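Reader: I would like to go through how the parts of this protein are told apart and how they touch. Please give the criterion with each value.

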Amino acid sequence: MQLQQNISLKKYNTFGIDVTAAHFISVSKLDELKNVLSLKNYPNKLILGGGSNMLLTQHQDKLVVHVNLKGISIEKEDSNYVYVKANAGENWHEFVLWCLKHDFGGLENLSLIPGNVGTSPIQNIGAYGVELKDAFVSCDAINIDTLETITFTKDECNFGYRNSIFKNEVKGKYVITSVIFKLTKEHHELNMNYGAITTELEAQGIKTPTIQSISKAVIAIRQSKLPNPDDIGNSGSFFKNPVISKVKFEKLQKNFKNIPNYPISENEVKIPAGWLIETSGFKGKRFGNYGVHKNQALVLVNYGGAKGSDILELSKLIQKTVLKLFDISIEAEVNIL
């Protein structure tokens, strides 16, 4: 553990934005994390995990604390289920692959999502019909002010669509240090509700799917649509899919007959933000060294050397255009810092 000065955060955020942290420290042990959080000389701190769900728009004068806690362990198990604990610094996709290697089911649809385990509950990450909350049991978190470790149960996390208590009531008050998941050991429940998975499995000639083959299908789909952050800076989906009233949807349908939709209740409908953005003319549009990805309109990209403020202004332009065309507000999924 070493406190460093004026460190570039380019390699610590998947957008690849080159901003400087005036003070930076990486911690790999719980006691180190507590010691850093107790530093009175640095009252303002920025907790950094995998850097996958953020857009850095300015240099950081705060103490940037990189949470690099590693470790995966089996807490308990029976003939049907296993409870697996993963520490916050574990890479999410590598953790999913570890589970699949041991034939533990429940997270396969969440393959290849960027980021670390510690930030996954904050966002309640989700993809292809599955959300983190479906396998979540609890998480341990340190109170930044008191240094007390608190266990948050599933109910206490108030999970919603890309949402949790950590983005609302206790935002900025806790650092998640580990997460426990309940996974299946046998009789896996295969979630293939999204047609793209079934289509990909058929293309691969797989007639009897397993959790491993579903993971491979999801990886293939994501790789065909989403750029690898190692090649093109991005943070995955930049916007949330908006939910509108059924009445409003029916009005929109009169002008946009092919508008895709996913009913989520009797009175509410979810609309794919990617379709709204693409229909607004932004898909594949480039503005010098940044723009909207050619294969997925939800993804804003840094082709190299872009400023976070440039990408932020592009996101505002997209929001303004979608609102004008559809009368729908789309909300950013990433954290703007």
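Author: The C-alpha centres of domain 1 and domain 3 lie 29 Å apart. This is a predicted model: local features need pLDDT of at least 70, side-chain atom pairs count only at pLDDT 80 or more, and totals for chains, interfaces and linings use all residues. Residues are numbered from 1 along each chain as its sequence is written, and side-chain values use heavy atoms, with hydrogens and water left out.

Reader: What makes these stretches domains?

Author: The domain assignment of the protein gives domain 1 (4–67), domain 2 (72–225) and domain 3 (233–336). Such bounds come from an automatic or database domain assignment.

Reader: How do you know which residues of domain 1 and domain 3 are in contact, and how many are there?

Author: Contact means heavy atoms within 4.5 Å. By that criterion, 10 residues of domain 1 are in contact with 17 residues of domain 3.

Reader: What area do domain 1 and domain 3 bury between them?

Author: Buried area is the accessible area (1.4 Å probe) that two parts lose on being put together, summed over both. For domain 1 and domain 3 this comes to about 1,000 Å², 54% of it on carbon and sulfur atoms. Phe-15, Asn-53 and Leu-55 supply 60% of the area that domain 1 buries against domain 3, more than any other three residues.

Reader: How many salt bridges are counted between domain 1 and domain 3?

Author: A salt bridge needs a side-chain nitrogen of Lys or Arg within 4 Å of a carboxyl oxygen of Asp or Glu. The count between domain 1 and domain 3 is zero.
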